[in-house]
Amino acid sequence: MPALVLHVAVPSPLRRSFDYLPPRGYDPARLLPGMRVKVPFGRTQTVGVVLEVAVQSRVERARLKHVLEVLDAEPLLSAELLALLTWASGYYHHPIGEVVAAALPTALRQGRTPRARAAAVAAPASLIAEAPPLLHPAQEQAVEAVAAAQGFQTFLLEGITGSGKTEVYLRLIERVIAAGRQALVLVPEIALTPQLMERFTQRFSVPVALLHSGLNDGERLHAWRAARSGQAPIVIGTRSAVFTPLARPGLIVIDEEHDLSFKQQEGFRYHARDVAIMRAQRAKVPVLLGSATPSLESLYNVCEGRYRRLALPQRAGRAQAPQVTVLDMRSTPTEGRVSRPLLTLMDATIKRSEQALVFLNRRGYAPTLICKECHWVATCTRCDTRMVLYQRAQRLLCHHCAAQRAAETVCPACHSLALYALGHGTERVEETLTRHFPAAAVARMDRDTTRAKGALQGLIDDVHAGRSHILVGTQMLAKGHHFPQVTLVGILDADQGLFGVDFRAPERMSQLIVQVMGRAGRGDIVGQVVIQTHHPDHPLLRLLLTRGYGAFAEAALDERAQAALPPYSALALLRAEAVDAEAPLAFLEEACALAQAAGVAAVQLLGPVNAPMERRAGRHRAQLLLQSTRRADLHRLLATCLPQWESLKLARRVRWSLDVDPMEMG
Ligand code: ADP
Ligand code: ZN
Ligand code: ZN
C-alpha cells in the first residue's frame, strides 16, 4: 500500500492546501481529517489542519516533507464543519488555510493545547427556570411550523420590534434542548448579547456558551469547547460563531438577519447568515432568520419559495403600535436641527416623566467646518473627504482614517476668522437640547461616547433608571434595546440614505427608521414617532411611512429587478488600492482584460473606476464590478481568473481583494 499523503490547510494567502507525509514512525491509521498538525512551511513552522488523508499527492512524492507533530488525538473539526469551510473557501474564493484558521480560537490556531477546565456545570435539575408566557396564536403557529420541519428548511420570521420573536426562539430552543440537541443563535452586536444572555439564563437552567469578540483567548476557548463537546446546549455568538463546532446541532437562529455586521468586510469576506444557511443544510436542521425589517435578499427568497415566511403581525404584551407624524422640514420652524413641534412634544414627554429618543445617524458636532469668506472647507489630508468637527474638544476628526488635528480658528486660505460649523451631528443636537431643556438630563449614545469599556452599559442603565430624560444617538439606538419608559422617538433626518451612492442605501435607511420607530412605546403607553424630512414626496420614503416596510420592500425589489441588481443578479467586487495613484487602475485594467478573455459572456464587467472616495488613508482606490444574472457563471469566471490575476506583475504593487456578494459598494 502506498504511503498516505495529508492535504493540510495552512494559514497562508495561497489559494490551495499543501501536501505532507505523516510524521515518521506515526501510525497513519490514527490520522484523521480535522486534526491539527505542526508542519514545516517555508523557512518556519506553522500549525495547519488536516483536510484529507489521501493516497494521491499533487506533488512529486520525493519533494514532500513530513509533518513534525500531530497536535490532536481526535479531530477538532468534524467532517461536516470541514466540508462547510471548504465550501466557504470556494464560494468566497478565499484561501482555505485562512478560512480554516477563522474557525479556530486563537489558542488552538497557535498550536497550544491548553488543558480543558473541569466540567463547569453539573447537569441541571430542570430545563426551564422561568415559566414562559402563553403564546399568541401567531407565535404558536411559528413555533409549530419550525418544529415540524423535517431536516433542513429556512424560515423567515418577520415581526415588528416587540412582536415576540425572541419568545418564539426561546420556545423552539426549549424543544431542541429537550430533544438532546443544541441551538446556535447568532446576533449582530456584542452590545446585544448581555440582554439576550439574560433572557436565556432566566428561561433555561442549562449552560450557555457565549462567543463574541470581547472575550479573551481563554474565555473563547472555554466557550468553544463547551459548544464542541455538547456541554452547552445553547451557543450564542456574533458573526464568527457561525463556525463553532457543535456536537449535536438541532437549530440555527439568526436574529436581526438584515444586519450588516453579519458580513465580514475585510480578509475572509463571508456573510454569516448565508454561511449559517449552508451549515443548516449540511447538518439537516432548520434555520430561522428573524427581523422586523428583513433584507431584500431574504424577502426575495421567500417569493422564490426558498424560504418560508412566518409573520408576527402584532406587538406581544400590552404595547401598541406608535402614532407617526411626518414633518415637512421645508416649511417647519426649527431650533438647530430639531423642529419646534418635536420640541413641544419632548417638553410634554419630560413633564409626564417619560423619556424621548432622538435619532440622527451622524456623529460629531458638524460634518463640515467652512470659511464664510472664501468657502474653504476643512478636509482630511489623507482621504478625499471632509473632517468632522468636534466642538467641545476643538478638534477635527476624519471618520475614514481616524486622522485628527486641532480645529483651525483662522482660514488657512484667506486668513479670515469667520469659520463656522455647517450641518449637525449628535454632539450639536445634544447641545441644542441641553440649551432648550436646561432642567432635563440629556445623554448621547454614539460611537464616540461608548468607546470606553462599560460606557454603553452605563448609558443603558441611566435610561432604565430614569436618570436620563432625553437620549440622542446614532444607529446604536436602533439595536434592540428595550426601554419601556421611552414614549417619544424623533427621527431628525429621514432623508440621509435616500440619495446615497450605494444602491442599498434606501434599504438601510428604511430599516433604521423602522427599527428606531420600534423603540417608541414598548411599555404600557402608546408611543409617538416624529419623522423630519425634506423629501416627504420621495416615493420610497412615502411608501415606507404610509404603508410600512413590506410595501417599501416590494417597490424597492421592483427597482432592483429593473436595474438587474441583487438579489436579481450576483455581484463580486474586485478592489485595489495603493499609495501610487496609477497602480490600482492599471492593475484592474489588466484584470479586466483577462476577465474579458475568459469569454464568459453572461458576466458583465463594470469599470474599472475609481472608488466613490478615491483616496483613503493615503491610498488611491479603484474597483472593478463583476455582475451576472447567473451566479454559476460568475463563479466560473472568478475561478478561472483568480490565478491569472494573482500572477500579474501589478498584483504585487497594489493591495487587492475580492469581495463576493459585497454589501458595501465603496
Ligand atoms: P421581539 O424579539 O420581537 O422584539 P420579544 O420576544 O422580546 O419580541 O417580546 C417583546 C415583549 O413581549 C417581551 O417583554 C416579552 O417578554 C413579551 N412577550 C412575548 N411574547 C409574549 C406572550 N405570548 N405573552 C405575553 N408577553 C409576551
Ligand atoms: Zn477663507
Ligand atoms: Zn482621513
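Leaving aside neighbours within four places in sequence, methionine 278 is in contact (heavy atoms within 4.5 Å) with Leu84 and Trp87. This is a predicted model, in which local features need pLDDT of at least 70 and side-chain atom pairs count only at pLDDT 80 or more, while totals for chains, interfaces and linings use all residues, and side-chain values use heavy atoms, with hydrogens and water left out. Residues are numbered from 1 along each chain as its sequence is written, and chains are lettered from A and ligands numbered from 1 in the order in which they are written.

**Helices and their contacts**

- Methionine 278 has its place in helix α8 (residues 272-283), where helices (H or I, at least four residues) and strands (E, at least two) are DSSP runs numbered from the N terminus.
- Between methionine 278 and tryptophan 87 there are 191 residues of separation in sequence, and their C-alpha atoms are 8.8 Å apart in space.
- Helix α9 (residues 296-303) packs against helix α15 (residues 549-562) at an angle of about 85°, with the axes 10 Å apart; axes are lines fitted to C-alpha atoms, for helices over the stretch in contact, and angles run from 0 to 180 degrees between N-to-C directions.
- That angle makes α9 roughly perpendicular to α15, a term for angles of 65 to 115 degrees, whereas under 35 counts as roughly parallel, over 145 as roughly antiparallel and the rest as oblique.
- On the α9 side of this contact are Leu296, Glu297, Leu299 and Tyr300, which meet Tyr549, Ala553, Ala556, Leu557 and Arg560 in α15.
- Arginine 203, found in helix α6 (residues 193-203), counts as buried at 2% relative accessibility; buried means under 20% relative accessible area, exposed over 50% and partly exposed in between, with a 1.4 Å probe and protein chains only.
- Not counting residues up to four places away in sequence, arginine 203 touches several residues, including Glu130, Glu167 and Arg171.

**Zinc sites**

- Cysteine 411 counts as buried at 0% relative accessibility, whereas cysteine 414 counts as partly exposed at 31%.
- The zinc ion (ligand 3) is coordinated at 2.2 to 2.3 Å by the SG atoms of Cys380, Cys383, Cys398 and Cys401, and the angles of 106 to 112° make this arrangement tetrahedral.
- In sequence, the donor residues of ligand 3 are spaced C-x2-C-x14-C-x2-C.

**Backbone features**

- Most residues other than glycine have a negative phi, and most peptide bonds are trans.
- A cis peptide bond, with omega about 5°, joins proline 566 and proline 567, and proline 567 lies in the loop between α15 and β27 (570-578).
- The bond from glycine 607 to proline 608 is also cis, with omega near 5°, and proline 608 lies in strand β28 (residues 603-616).
- Alanine 564, in the loop between α15 and β27, has a positive phi near 50° and is partly exposed, with a relative accessible area of 27%.

Technical notes: Donors are N, O and S atoms within 2.8 Å of the metal (3.2 Å for Na, K and Ca); water is not among the atoms, so sites may look incomplete. Four donors count as tetrahedral if all angles lie between 85 and 135 degrees; four count as square planar and six as octahedral if opposite donors are over 155 degrees apart and all others between 65 and 115; anything else is irregular.
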